[in-house]
Amino acid sequence: MRRSIHVRVVQHRPLLGDIEANLADHRARTLAAAADGVDVVHFTELSLTGYALGDLADQVAIDPAHPLWPEVCALSEEIDVVVGFVERGQDGWLHNAAGYFHAGRAVHVHRKVYLPTYGAFDEGRFFSPGNRFDVFEAPWGRAALVICEELWHPSAAHAATMQGAEVLFATANAPGRGPLDGGWASHRAWREILATYARLYAVWVPFASRVGYEEGFVFGGASAVFAPDGSLAGGADFLEPAELTVLLDQAALRRARVRNPAHAIERHEVLIAALERARAGAGPDLGPLPR
């Protein structure tokens, strides 16, 4: 990181299918954050549309030719913004996407690679998967966007950090499962996983997870920010909307990487060879694991 930044994680409840109302809410929150001296406002997965869209996905999809696209870009005129939306690709296919916006333009758009289509989830029916994990240069350093299900696949965090990501902006629509201590066991698992990524890879991990009820889903929140040593730098409660502002300290990142220099001895060629063997069918097909 070239400098420390203040990130505000927004734990909110978007209105399903109402992109204009959600955009107005984003605008109010980003203006308030800019007035508070925040550097980046970090919204949740599909923050502009809500999650359980079904056939509404086509109606709320946007791209640079959409009349609302300039308004989405304008959110970042005074402050950087991470936004979740339905993207219509140039080929017409729809994607569950997240974008990093700076100075009135999209710096990076990430298309969700792993689309859960099991249990209560049906994303594969309405979205096309992305096909790459990339990092991007922000004004303050190098980062990556990772969306919900991707965080249950260690390959996503590994791919991003091996390309030099210093911050993993994690977004989610995470339903609550297994009541536990006023929250859910599933959200405890989320925090354990994210803390592990932060510590193993010595990266900052802000996590924006929504709340509210929608088409049979109950979204639990529990948004958080994890420091590069794996510690919890800040956390929001379950169920209720919240805003969480944390300093992502450049010195803390540097100290964590001095203490954990494992990245310097990565053997990419060994991993690539193992993955090629796996792709060739050398391992068993276990199917999706229960959550």
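**View 1. Contacts of Asp80 in the predicted model.** Leaving aside neighbours within four places in sequence, Asp80 is in contact with Asp39, Val40, Val41, Tyr100, Phe101, His102, Ala103, Pro139 and Trp140. This is a predicted model. Asp80 belongs to strand β3, residues 80-88. The Asp80 side chain makes a polar contact with the side chain of His102, at 2.7 Å. Asp80 is buried yet has no salt bridge. Its nearest side chain of opposite charge is Arg3, 6.2 Å away. A salt bridge would need the charged atoms within 4 Å.

**View 2. Ala103, a loop residue with positive phi.** Ala103 is among the residues in contact with Asp80. Ala103 sits in the loop between β4 (94-102) and β5 (105-111). Its phi is positive, about 50 degrees, although Ala103 is not a glycine. With a relative accessible area of 52%, Ala103 is exposed. The cut-off for exposed is over 50%, so Ala103 qualifies.

**View 3. Leu46, a buried loop residue with positive phi.** Leu46 is found in the loop between β2 (40-42) and α2 (57-60). Phi of Leu46 is near 50 degrees, a positive value in a residue other than glycine. Leu46 has 0% relative accessibility, so it counts as buried.

**View 4. The largest nonpolar core.** This core holds 52 residues. Trp140, Leu168, Phe169, Leu194, Trp204 and Leu248 touch the most other members. Helix α6, residues 185-201, gives the most to this core, with seven residues.

**View 5. Leu248 and its surroundings.** Which residues does Leu248 touch, not counting residues up to four places away in sequence? They are Met1, Ser4, Ile5, Val7, Val167, Trp204, Pro206 and Val225. Trp204 and Leu248 are both listed with the members of the largest nonpolar core that touch the most others.

**View 6. Cysteines Cys73 and Cys148.** Cys73 is buried, with a relative accessible area of 8%. Cys148 has 11% relative accessibility and counts as buried. Both values fall under the 20% cut-off, so both residues count as buried. How many disulfides does the model contain? The count comes to zero. The rule asks for a pair of cysteine sulfur atoms within 2.5 Å.

How values were computed
Residues are numbered from 1 along each chain as its sequence is written. This is a predicted model: local features need pLDDT of at least 70, side-chain atom pairs count only at pLDDT 80 or more; totals for chains, interfaces and linings use all residues. Side-chain values use heavy atoms; hydrogens and water are left out. A nonpolar core is a set of buried Ala, Val, Leu, Ile, Met, Phe, Trp, Tyr and Cys residues joined through side-chain atoms within 4.5 Å. Buried means under 20% relative accessible area, exposed over 50%, partly exposed in between (1.4 Å probe, protein chains only). Helices (H or I, at least four residues) and strands (E, at least two) are DSSP runs, numbered from the N terminus. Contact means heavy atoms within 4.5 Å. Lys and Arg count as positive and Asp and Glu as negative; His and the chain ends are not counted. A polar contact is a pair of N or O atoms within 3.5 Å; within protein, one must be able to donate a hydrogen and the other to accept it, and residues adjacent in sequence count only if both atoms are side-chain atoms.
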